[in-house]
Amino acid sequence: MPDNASIRQEAEAIAVKALGFIAADPELLPRFLAITGIEASSIRRAAAEPGFLAGVLQFILAHEPTLLRFAQETGVPPASVGEAQKYLPAGEDRYESST
């Protein structure tokens, strides 16, 4: 059984794929930026903040057609996106802080 650290790494990898998916889509990126209030020039800085990656997955999960297209284009099963969110800071209750 994988440990929490490896599960979190996998969750982060899914979130990074999701961020790339959003950034590459000319319709999704402006919507993501508008909803989050982040400026395009600040994405790298924002990505280092706790909760950002969980927010990326929340954005994907909030719209089923987007989730299904992400899953199809990346090969990540839709259920894995929801599970990944739970293992990221501010995702849900399964996240364990190292402090």
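**A walk through a predicted helical chain**

Confidence in this predicted chain is lowest in helix 3 (residues 43-47), with a mean of 88, and highest in helix 5, at 97. The score used here is pLDDT, the predictor's confidence in each residue, from 0 to 100. Helices (H or I, at least four residues) are DSSP runs, numbered from the N terminus. Over the chain, pLDDT averages 89, and 91% of the residues score at least 70. Residues 94-99 stay under 50. For that stretch the model has 9 contacts beyond four places in sequence, a contact being heavy atoms within 4.5 Å.

Some ground rules come with the model. Residues are numbered from 1 along each chain as its sequence is written, and side-chain values use heavy atoms, with hydrogens and water left out. As this is a predicted model, local features need pLDDT of at least 70 and side-chain atom pairs count only at pLDDT 80 or more, while totals for chains, interfaces and linings use all residues.

Start with the core. A nonpolar core is a set of buried Ala, Val, Leu, Ile, Met, Phe, Trp, Tyr and Cys residues joined through side-chain atoms within 4.5 Å. Buried means under 20% relative accessible area, exposed over 50%, and partly exposed in between (1.4 Å probe, protein chains only). The largest core has 27 residues. I22, F52, L57, I60 and V81 have the most contacts inside it. Helix 1, helix 2, helix 3, helix 4, helix 5 and helix 6 each give this core two or more residues.

Look at I60. Leaving out residues up to four places away in sequence, I60 touches A18, F21, I22, T66, L67, F70 and V81. V81 belongs to helix 6 (residues 78-86), where the buried residues are V81, G82, A84, Q85 and K86. Their cover includes helix 1 (4-23), helix 4 and helix 5 (64-74).

Next come the aromatic rings. Rings of Phe, Tyr and Trp (its six-membered ring) pair if their centres lie within 6.5 Å; planes under 30 degrees apart count as stacked, over 60 as edge-to-face and the rest as tilted. The count comes to 3 aromatic pairs. In one of them, the ring centres of F32 and F52 are 6.1 Å apart and the planes stand at 85°, so this pair is edge-to-face. F32 sits in helix 2 (residues 28-36) and F52 in helix 4 (residues 52-61), so the pair ties together parts 20 residues apart in sequence. F32 and F52 are both buried. F32 also pairs edge-to-face with F59, at 5.2 Å centre to centre and 80° between the planes. That pair links helix 2 to helix 4 across 27 residues. Together, F32, F52 and F59 form one aromatic cluster.

Now for the charges. A salt bridge is a side-chain nitrogen of Lys or Arg within 4 Å of a carboxyl oxygen of Asp or Glu. The whole structure has 4 salt bridges. R69 and D25 form one, at 2.9 Å from N to O. R69 is in helix 5 and D25 in the loop between helix 1 and helix 2, 44 residues apart. R69 is partly exposed, at 29% relative accessible area, whereas D25 counts as buried at 13%. D25, R69 and E73 are linked in a network of salt bridges.

Other bridges stay inside a helix. E12 and R8 meet with their closest N and O atoms 3.1 Å apart. Both lie in helix 1, 4 residues apart, about one turn. In helix 6, E83 and K86 are 3 residues apart, and their closest N and O atoms are 3.0 Å apart. An α-helix has 3.6 residues a turn, so residues three or four places apart point the same way.
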